Amino acid sequence: MDNLQLEDRLIRIEQLLIANKEVLTLEEACLYTGISRSYMYKLTSNEKIPYCKPRGKLIYFEKKKLNSWLLNKSNP
């Protein structure tokens, strides 16, 4: 198995693990939604996306609320 195939398999495994979590970190939420890190920060700073900052530093996203936000933001 070459490095490219191995990397693809690791990415798929990572995505499966993220799919099973209820609370996502910023990086995981970016992978889950396909939104870039900088745009995700912009959305949180403008309070356009539901997030939680329990200790004032790290940003977390509840997957259920994130899914709802994604579905409500679709174009008609």
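Predicted model: local features only at pLDDT ≥ 70, side-chain atom pairs only at ≥ 80, totals over all residues.
Biologist: Which residues of helix α4 are called buried, and what makes them so?

Modeller: The term requires under 20% relative accessible area. Within α4, which spans residues 63–72, Lys63, Leu66 and Trp69 are buried. They lie on the same side of α4, because the arc they cover around the axis is only 120 degrees.

Biologist: What do the buried residues of α4 pack against, and how do you know?

Modeller: The test is a contact, that is, heavy atoms within 4.5 Å. The buried residues of α4 pack against the helices α1 (3–19), α2 (26–33) and α3 (37–45), and also against the strands β1 (23–25) and β2 (60–62).

Biologist: What makes α-β-α-α-β-α the pattern of the protein?

Modeller: A helix needs at least four residues and a strand at least two. The protein has four helices and two strands, and reading along the sequence gives that order.

Biologist: How many of the residues in the protein are buried?

Modeller: Of the 76 residues, 22% are buried; each of these is therefore under 20% relative accessible area.

Biologist: What share of contacts joins residues at least 24 apart?

Modeller: That share is 41%, counted among contacts between residues at least 6 apart in sequence.

Biologist: How far apart are the mean positions of the positive and negative charges?

Modeller: For the 13 positive and 9 negative charges, the mean positions are 8 Å apart.

Notes: Residues numbered from 1 in each chain as written. Heavy atoms only, no water. Buried < 20%, exposed > 50% of the residue type's maximum accessible area, 1.4 Å probe, protein only. Lys, Arg positive; Asp, Glu negative; His and termini not counted. Charge placed at Lys NZ, Arg CZ, Asp CG, Glu CD. Arc of directions from axis to C-beta.
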